[in-house]
Amino acid sequence: MNTFCFAAVVVPVQAGFGLLLAVLVNQKIRGAVAFRVIFFIPVVTSIVVVSILWKFMYQPDGLINSFINTITFGAWQGTAWLNDPSTALTAIIVLSIWQAVGFHMLIWLSGLQTIPEELYEAARIDGAGTWRQFRD
């Protein structure tokens with residue numbers, strides 16, 4: 001059941017978020033290449049390093065709980081994310097999405113960049129808006 005839940009959440013979220021990031025970094029704006037690199041770094045980072053990093057963030061006195069404590073002014077104390085059965089799966093899902101969304105972004109981006117600019121120009125001339133250009 002945990003594997004089904006993991007796959008049912010991770011696959012569509014990674015694909016959807018990857019598409020969103022690909023559309024954003026595909027724009028002809030200054031710094032787009034830097035954003036591509038930033039989003040792709042977790043993919044090429046060893047899973048061991050990623051796991052250790054997130055383990056430190058998920059600790060009871062880790063970064064996430066410190067952040068929660070700070071923004072709630074101590075009203076809500078954090079939890080042991082990986083030690084609590086009710087939060088462990090969610091914590092691992094978040095880690096997995098963060099680690100692999102850059103790969104999905106790269107796949108979507110390669111597809112978006114193969115679309116000739118002439119098609120977008122023709123769609124603009126025909127009166128298609130941004131959403132219609134993307135969808136059709």
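UniProt positions are given here in the numbering of this chain, with feature names shortened, and the annotations may be inferred rather than shown by experiment. With that in mind, an unreviewed UniProt entry lists residues 1-136 as "domain: ABC transmembrane type-1". The model is predicted, so local features need pLDDT of at least 70 and side-chain atom pairs count only at pLDDT 80 or more, while totals for chains, interfaces and linings use all residues. Residues are numbered from 1 along each chain as its sequence is written, and side-chain values use heavy atoms, with hydrogens and water left out.

Helices (H or I, at least four residues) and strands (E, at least two) are DSSP runs, numbered from the N terminus. Over residues 1-136 the chain is 75% helix and 0% strand, with its end C-alpha atoms 37 Å apart. The unreviewed UniProt entry also lists residues 6-25, 37-57 and 88-109 under "transmembrane region". Residues 6-25 are 100% helix and 0% strand, and the end C-alpha atoms of that span are 27 Å apart. The span 88-109 is likewise 100% helix and 0% strand, and its end C-alpha atoms lie 32 Å apart.

In α3, V50, W54, M57 and Y58 are buried, where buried means under 20% relative accessible area, exposed over 50% and partly exposed in between (1.4 Å probe, protein chains only). Seen down the axis of α3, the buried residues fall within an arc of 90 degrees, so they line one face of the helix; the arc is that of the directions from the helix axis to the C-beta atoms. The face turned away from the buried side of α3 carries the exposed residues V48, K55 and F56. The buried residues of α3 pack against α2 (32-44), α4 and α5, with contact meaning heavy atoms within 4.5 Å.

A nonpolar core is a set of buried Ala, Val, Leu, Ile, Met, Phe, Trp, Tyr and Cys residues joined through side-chain atoms within 4.5 Å. The largest one has eight residues: V50, W54, M57, Y58, I68, W81, A91 and L95. Two or more residues of this core come from each of α3 (47-58) and α5 (85-113), and α3 gives the most, with four. Apart from this core lies another, of seven residues, among them V25, V101, M105 and L109. Not counting residues up to four places away in sequence, W54 touches I64, V94, L95 and W98.

Rings of Phe, Tyr and Trp (its six-membered ring) pair if their centres lie within 6.5 Å; planes under 30 degrees apart count as stacked, over 60 as edge-to-face and the rest as tilted. Across the whole structure there are five aromatic pairs. The F35 and F39 rings have centres 6.3 Å apart and planes at 25 degrees, so this pair is stacked. Both residues lie in helix α2, four residues apart, about one turn of the helix. W54, Y58, W81 and W98 form one aromatic cluster.

Finally, F73 is found in the loop between α4 (63-71) and α5. Its phi is near 55 degrees, a positive value in a residue other than glycine. F73 counts as exposed, at 78% relative accessibility.
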